Amino acid sequence: MKQGIFISFEGIDGSGKSTQMKMAAEYLSSLGYRVLTTREPGGTELAERIRKVLLDAKMEDKITAKAELLLYLASRHQHSAEIIEPFLRSGGVVLTDRFADSSTAYQGVGRGLGIELVEGLNELVIPRWPDLTILIDIPAEAAQARNISKAPDRLENEGIEFQEAIRKGYLELSKRHPDRIVVIESKDDIEETQIKVREAIARFLAV
Ligand SMILES: Nc1ncnc2c1ncn2[C@@H]1O[C@H](COP(=O)(O)OP(=O)(O)OP(=O)(O)O)[C@@H](O)[C@H]1O
Ligand SMILES: [Mg+2]
């Protein structure tokens with residue numbers, strides 16, 4: 001039997017994942033759930049070291065698409081085994097800022113490795129697919145406008161076309177997995193977007 005509840009938040013950079021997830025955690029706590037919030041790479045030592053390599057702007061052009069994918073998968077397995085699985089086994093609710101669909105959208109679609117290949121490899125490293133995935137959707141241009149003050153990392157340096165390709169990839173995934181992935185438009189203000197996030201979570205909890 002499935003233990004705990006597993007919810008992931010996905011979307012392009014600057015879409016509002018972290019903002020919405022934090023508010024969703026408050027909502028679930030207020031309903032009496034025991035909630036763990038985490039983000040890839042989840043603070044595990046191995047995963048943090050891998051992340052440093054992956055996001056280093058100096059590594060531009062020095063990581064092949066497949067190497068990038070495999071590094072993310074190694075990081076995800078460590079994060080799953082160390083942080084996510086134990087909390088789910090204890091019956092809690094895990095909210096994660098990015099998970100398997102990030103690889104499918106970024107490496108599968110963005111880097112062109114293919115959706116099937118990446119989903120197959122994801123299967124190998126994750127304890128299970130999320131019960132619910134909140135996809136925060138926004139046009140790449142609008143997301144970038146929110147993030148202008150922040151120094152771009154290696155992937156963010158790829159530019160607006162890359163971000164828009166990732167966005168389309170995510171939307172394609174939502175069509176493939178309509179039972180799991182809920183698309184929430186985030187062009188409205190933060191509170192209005194959160195109302196839609198809470199509605200989606202409440203609908204999921206009711207079934
Ligand atoms: N609905 C919204 N309307 C306007 N601004 C927003 C909205 N949601 C988030 N923001 C702002 O946009 C910025 C990016 O939001 P946030 O950090 O939540 O996105 P993210 O998807 O987690 O981004 P990243 O991928 O870079 O971690 C923040 O400054 C946040 O306050
Ligand atoms: Mg974030």
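Which helix supplies the largest share of the shell around ligand 1? In this predicted model, that share comes from helix 1, with three residues. Helix 1 spans 17-30. Helix 8, spanning 190-206, also contributes to the shell.

The shell around ligand 1 holds 14 residues in total. The closest of them are G16, K17, S18, T19 and R146. By residue class, nine members of the shell are polar. Four are charged, and one is nonpolar.

The chain that carries this site contains eight helices and five strands. Read from the N terminus, its elements follow the order β-α-β-α-α-β-α-α-β-α-α-β-α. Along the principal axes, the C-alpha atoms occupy a box of roughly 45 × 35 × 30 Å.

Burial and contact order were also computed. Of the 207 residues in the chain, 38% are buried. Contacts between residues at least 6 apart in sequence were then sorted by separation. Of these contacts, 80% link residues at least 24 apart.

Definitions and conventions. Residues numbered from 1 in each chain as written. Chains lettered and ligands numbered in written order. Predicted model: local features only at pLDDT ≥ 70, side-chain atom pairs only at ≥ 80, totals over all residues. Near = placed C-beta within 6 Å. Helix = DSSP H or I, 4+ residues; strand = E, 2+ residues; numbered from the N terminus. Nonpolar A, V, L, I, M, F, W, Y, C, P; charged D, E, K, R; others polar. Buried ≥ 20, exposed ≤ 12 C-beta atoms within 10 Å, placed from the backbone. Contact = placed C-beta atoms within 7 Å.
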